[in-house]
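Here is a short report for a first look at this structure. Keep the view open as you read.

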Amino acid sequence: MTRPSSGEVLAKSAPSGLGRILDHRVLLSIAVLALLPWLLPSKALAVNVLIYGVVVMGYNLLFGYTGLLSFGQAAFFGAGAYFTGIAIGRYGVPWFAAVPIAVLLSTGLAALIGVVSTRTRGIYFSMVTLALAQLVYYVALQAASFTGGENGLRGFTVDRISLFGLQVNFLDPVNKYYVLMGFAGLAMWFQSRILNSPFGAVIEAIRENEQRARACGYDVERSKLVVFMLSGAISSLGGCMLALHLSIVPLDILHYQTSGMIVMMVLLGGARSFFGPFVGAASFLILEDVVSLWTPHWQIFVGAIFVLFVLFLPKGIWGTLLDAIGVGKARQ
Amino acid sequence: MDLPLIIMQLLSGIALGAVLVITALGLTIVFGMLGVVNFAHGALFMIGAYAGLYLASLTGSFWWGLLLAPILIGAFGMLIEFVLIRRLYGRSIDDPLLLTFGLSYILVEGVRIVFGSDGIPFPTPPQLIGVLDLGIGFFPRYRLFVIVLVAVVLVALWMTLEKTRIGLIVRAGARDPTIMQVLGVDIGRVWLAIFGLGVGLAALGGVLAGPMRSVNPEMGSLVLAEAFVVTVIGGLGSIVGAVVAGLMVGISISMVALFAPEMATIVMFALMAVVLLIRPQGLFGVRGRTA
């Protein structure tokens with residue numbers, strides 16, 4: 001594959017001072033996330049924003065940047081969680097080894113699903129990813145001796161984490177948050193590197209005009225498969241974080257409703273923006289938190305708000321905000 | 001394993017497949033005409049089952065429920081097209097999909113509010129209770145009725161599409177909507193009717209499935225995945241494909257259930273993966289739009 005020369009152009013075309021500040025997107029995002037536990041009503045909510053933020057960020061690589069609307073991201077979120085739990089609980093692997101192992105295995109799963117699904121285009125891709133993710137759900141349901149089936153995976157607990165000789169009590173919510181934030185920071189750095197690389201320009205070219213990208217000599221099919229795997233890898237890290245956080249893995253994590261929730265979050269926040277996924281995850285979870293206080297039927301509000309967003313605010317909260325202050329347009 | 005048992009299981013598979021055919025047909029017709037995949041199709045299937053149940057208990061007869069539920073829910077589908085989907089023509093193909101996904105949340109939660117979250121048994125109509133002796137074994141009367149009814153609906157639909165003026169307009173509109181407008185056909189009205197027909201078919205599938213499955217707010221999510229698998233195997237937009245693939249999936253599920261029950265939920269996905277690897281556009285699909 002030839003190297004595109006335009007890889008740097010996208011990143012460098014933000015002219016305003018504000019745009020230059022936003023170039024340090026990883027550091028800025030980490031700074032905001034570091035404050036989150038003190039801004040949100042509960043530490044548990046903050047941890048969830050962190051976890052779902054990473055999952056949705058990985059998904060955004062696929063949907064926002066490459067333009068592939070997958071309805072099966074839950075497979076990788078779930079795979080990350082299950083592999084982490086099985087590695088720790090069944091094979092006694094220490095947590096710091098379980099996480100990379102889980103991410104690697106989940107990436108393998110993404111390769112398998114990707115080989116089949118990236119052969120299709122458009123709406124077909126959405127339907128096929130949904131169906132294949134449901135396949136993973138049913139396999140997990142049937143393989144109860146490994147996964148716990150309907151009851152979910154139990155029997156692994158990470159209560160202490162040793163970092164550079166330092167013993168950290170992982171049951172303390174604040175400690176837990178900042179340890180998990182380390183993972184999130186790593187994921188953000190990785191995603192930012194991908195987006196700034198020539199490959200990042202190729203996937204955006206595929207989104208803008210697939211035939212033209214092909215005519216320019218890029219291997220569109222292979223790029224789609226690679227981005228599918230990278231996206232799965234990042235989302236699976238969110239799954240690892242969830243397993244460490246909850247010490248159980250509920251079967252529902254693999255259901256397509258979870259995939260749908262990921263799609264909703266990325267749209268609420270703003271696809272194609274770096275920090276949008278975290279804004280989306282936070283708005284969704286806060287909405288759920290607030291509305292479920294006064295009605296068990298909070299999903300009807302979530303559905304209605306999502307419909308309104310599709311109709312009137314397709315760029316999401318963060319994307320619209322960036323547009324309003326003129327940064328978003330300059331970056332496109 | 002003796003032959004009569006296999007034949008009986010085959011018939012069960014056809015009955016299962018018949019409901020899949022009707023449901024997937026609604027999905028595929030709407031896609032063929034409007035280029036829209038309705039993610040609320042499963043939720044509308046579920047609403048159809050509830051509507052059938054409610055109307056049957058209101059009128060005291062299953063047959064009124066079977067007749068009125070698809071019509072009412074079909075009209076509701078036309079309302080959805082008119083108020084929501086219509087705004088999205090000309091925008092990204094992802095937008096109607098996302099919108100209908102959000103809509104399915106509203107529909108499912110709405111049913112939970114009205115009818116509660118627990119499953120409700122759907123009584124089999126008294127005329128169809130029991131089994132029929134087929135010479136080689138006994139087969140539930142209701143399932144036989146489902147097979148016959150679906151066959152009748154398919155023939156009627158095929159006749160309408162192939163032999164009438166309306167069918168001509170629909171087929172031409174699927175091929176080139178712009179030319180149809182130039183020729184003076186109000187394509188917006190055709191799309192409205194087709195969307196209503198698609199939703200009505202989903203509701204019919206829901207009512208028919210009612211006595212075979214339990215009726216609950218979540219029943220649509222499984223059906224949506226099944227309908228997707230069927231349309232992907234058959235080829236999105238192809239009516240023949242939906243029929244062939246629906247029967248194929250139904251028969252495979254019931255055959256596998258006979259030999260390896262734990263694989264029954266998985267087999268249709270495996271079938272889909274194999275078809276995609278060999279023919280990405282589906283068995284009867286046209287290359288270009290989707291693969």
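## Two helices in contact

In this predicted model, helix 14 of chain A meets helix 16 of chain A. Helix 14 brings A:Gly276, A:Val279, A:Gly280 and A:Ser283 to the contact. Helix 16 brings A:Gly316, A:Ile317, A:Trp318 and A:Gly319. By class, the contact of these helices has three nonpolar and five polar residues. It has no charged residues.

Helix 14 of chain A covers residues 276–294, and helix 16 of chain A covers residues 316–324. Their axes lie 7 Å apart. The packing angle is about 130°.

A:Arg272 sits in the loop between helix 13 and helix 14 of chain A. Its phi is near 70°, a positive value in a residue other than glycine. Is A:Arg272 buried or exposed? A:Arg272 has 21 C-beta neighbours inside 10 Å. The cut-off for buried is 20 or more, so A:Arg272 counts as buried.

A:Ser247 belongs to the loop between helix 12 (220–246) and helix 13 (256–269) of chain A. Around A:Ser247, 19 other C-beta atoms lie within 10 Å. Buried would take 20 or more, and exposed 12 or fewer. A:Ser247 is therefore partly exposed.

Notes
Residues numbered from 1 in each chain as written. Chains lettered and ligands numbered in written order. Predicted model: local features only at pLDDT ≥ 70, side-chain atom pairs only at ≥ 80, totals over all residues. Helix = DSSP H or I, 4+ residues; strand = E, 2+ residues; numbered from the N terminus. Axes fitted to C-alpha atoms, helices over the stretch in contact; angles between N-to-C directions. Contact = placed C-beta atoms within 7 Å. Nonpolar A, V, L, I, M, F, W, Y, C, P; charged D, E, K, R; others polar.
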